Amino acid sequence: MARGLAMKMALARGLGALSRLRGGAGTSAPGKALLRMDPEAIGELSARLPEGSVLLSATNGKTTTATMIASIFSHEGLRLVHNRAGANMAGGIASTLLAAARPGGGIDGELGLFEVDEMWLASIASQLRRPRAILLSNLFRDQLDRYGELETIAARWAYALRDDHTRESALVLNADDPVIADLGRERARGVLYFGIEDQGLSLPGIAHAADAKHCRRCGAPYVFDAIYLGHLGHYHCPGCGQTRPHPQVSAEQVSLEGVRASAFTLRTPAGSERVTLALPGLYNVYNALAAAALASALQVPLASIRAGLRDARAAFGRAETLQLDGRELRILLVKNPVGANEVLRTLALEPGSHDVLAILNDNIADGRDVSWVWDADFELLAGRVRRATCAGTRAAEMALRLKYAGVEPRRIVVQPDLATALARASGDAGTSGRPLYALPTYTAMLSLRELLARRGHIASAMSTEG
Amino acid sequence: MCALYPDLLNIYADRGNLLVLERRCRWRGIGFEASSSGLGDRLDPGAHDLFYIGGGQDRDQELCAEDLLATKARALREAHANERLVLGICGGYQLLGHSYALAGETIEGVGLLDVRTVREPGPRLIGNVAFEVSPTLTGTEDGRPRVLAGFENHGGRTRLGAGATPLGRVLRGHGNDGRSGWEGAFSGHTIGTYLHGPLLPKNTWFADWLIATALGLDEHELAPLPDELERDAHAGALRVAGV
């Protein structure tokens, strides 16, 4: 093995440790340092993986889906190199590989599993030198001030999938997302589609936060025969005849059980199984289905898929449940309108009036533009909130949104400081036994976890930077 | 109130603007009816007090531009001539001008505002923004022009023609083109601006101004509302814009 690389790796690790000592959070710092010294590092290190790599990307659900895949593979006894903390750009992925790499030339793991930021898919896919499989689950409007337009990402992905490096990768695509499904159009084989097949779940009309309503080929508006979530569903184009591809892996007879659990019948080419999930909401059914589809594409037995999904727990900061001074604190991450809608819809499934701690930050990782909260259906909370405490750098804006969404102003408290807000929200008289639902944006979630860790409510608060 | 292309030009939380107008009318017992006019629909210039055009992705904007000229331009010009409010945000603003030049092709606008939008090399103009609105349009408060604060995100640079009046002077942010120091444009009661945020939730004074103007009232004639949260949010927007 090149001596040069060994030295660079040692240097990078040292720089990373230094950065942490200085108080920098960064699980990306060592990787960034390594890539500066050796731009080919991701390719070189991932080449050591005997089973190669798989990667996945989406607007929503990357970390949870990856967590589910990891759980499935653990039932197969396969050791993974996986960026489980969610650092999903080049630096984070390089750091993950660096941490697993052995100085003697091997690597501590058999298969690479990487969630990848949408803008980095092309770059990472080519650096991984022929990934075995690429899973693409959804494209929604995310932080507009970060990425401009959805079309740009879709075009980049289409371009990336025509590359030599990805031509032989198995594609695992969400049939229910017209933009994603269309990415498989040019492949004769090697594409596995997944989707939901449950008419009972169909929503009455296409939701406000929906994108991708026009045919990818001819521009005519799609006719949606069923809508499940955002713009995901069953569709066809009356203009050119394009239809949703038939999924080889599907979820039927879906059952959503409030904020606690869900279940569905998983149908694959290898058979069917009833799957239970300790995670709520249709969005997690989609995540589980995506994980199952990827596993299916890699010929993982159904029993391992079922067991893995059953045992999957909330990914870092998403739908986590903690105990806080005698009450349950549920952290439901909100990042963009579609994700927020699913969280709100799931919350609305729980009967009664809720205590909510909404934390709206506008740091770079959250998106500096907070107008997205007006695209999310906070109206689902109208009349369903006992007390809403608003915190974060844009607390006042969040409070305003709730007021216009139909939450009575007398039930809204504005307290920008997180620690004070948490104390107020959880210490309310008459709250014992009532869960507190925290709805934080990304950096707010990190701050919340850090605060809880300092107080001993959770074991550790890992922080990441993109 | 009539929203044009609500399913195509709504990419930027425009819904928040319409919601604020609706609520603030309802809370005062003022009747509010929202209708929409999409691709292929005609527009009745006399039937609405306010016409709203939001922002969209390039592809959708092109579609709407064609349709605007084909089915709605005449009605909008008539509305403009009759001093009805026409409010265009971002993409909508661009379409109210003469043209929008994208890479390789130029979209023709309705021409209610004497502005032209072009793309130039360089980054998108993104960030928090605040500007003073021309007192000719919205008067003053405590002797000073009133301020709109929000967020901009546009690749287009809009140039004011000789006959154009800017909507306001930039305090912080890029405005129309990142250079001129002007933001938006207006002519009579046709108003265009790049301000998202959305515009009206962060600046409810302007929502009330629109409502009063639409009804032919003085703002003071509108019943006051308990606006503590609104004032906090506006102050927050100003703060984050650095004003």
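A residue counts as buried when its relative accessible area is under 20%. The views below show a predicted model.

**View 1. A tilted aromatic pair in chain A, formed by A:Trp374 and A:Tyr404.** Both A:Trp374 and A:Tyr404 are buried. Their ring centres lie 6.0 Å apart, with 55° between the planes. A:Trp374 belongs to the loop between β14 (354-359) and β15 (385-391) of chain A, whereas A:Tyr404 belongs to helix α13 (residues 395-405) of chain A, so the pair ties together parts that are 30 residues apart in sequence.

**View 2. An aromatic cluster in chain A, made up of A:Tyr222, A:Phe224 and A:Tyr235.** Over all chains, a search of the whole structure finds 8 aromatic pairs. The ring centres of A:Tyr222 and A:Phe224 are 6.2 Å apart and the ring planes stand at 80°, so this pair is edge-to-face. A:Tyr222 and A:Phe224 are both buried.

**View 3. A:Asp38, a buried residue of chain A without a salt bridge.** A:Asp38 is found in the loop between α2 (29-37) and α3 (41-46) of chain A. The nearest side chain of opposite charge is that of A:Lys8, at 4.6 Å; a salt bridge would need a side-chain nitrogen of Lys or Arg within 4 Å of a carboxyl oxygen. Apart from neighbours within four places in sequence, A:Asp38 is in contact with A:Leu5, A:Lys8 and A:Glu44.

**View 4. An open sheet of 6 strands in chain B.** The strand order is β2-β1-β3-β4-β16-β15, and the pairing is mixed. In general, strands of a sheet pair through backbone hydrogen bonds, either parallel or antiparallel. At the edges of the sheet in chain B stand β2 (35-37) and β15 (185-187), each with a single partner strand, so one side of each is left without a neighbour in the sheet. From one strand to the next, the twist averages 15°.

View 5. Opposite B:Ile191 in β16(B) stands B:Phe186.

**View 6. Helix α1 (residues 14-26) of chain B packed on the sheet.** The helix touches three strands of chain B: β1 (2-4), β3 (50-53) and β4 (85-89). The direction of helix α1 makes about 160° with that of β3(B).

Methods
Residues numbered from 1 in each chain as written. Chains lettered and ligands numbered in written order. Predicted model: local features only at pLDDT ≥ 70, side-chain atom pairs only at ≥ 80, totals over all residues. Heavy atoms only, no water. Pairing = 2+ DSSP bridges. Helix = DSSP H or I, 4+ residues; strand = E, 2+ residues; numbered from the N terminus. Axes fitted to C-alpha atoms, helices over the stretch in contact; angles between N-to-C directions. Contact = heavy atoms within 4.5 Å. Buried < 20%, exposed > 50% of the residue type's maximum accessible area, 1.4 Å probe, protein only. Lys, Arg positive; Asp, Glu negative; His and termini not counted. Phe/Tyr/Trp six-rings, centres within 6.5 Å; stacked < 30°, edge-to-face > 60°.
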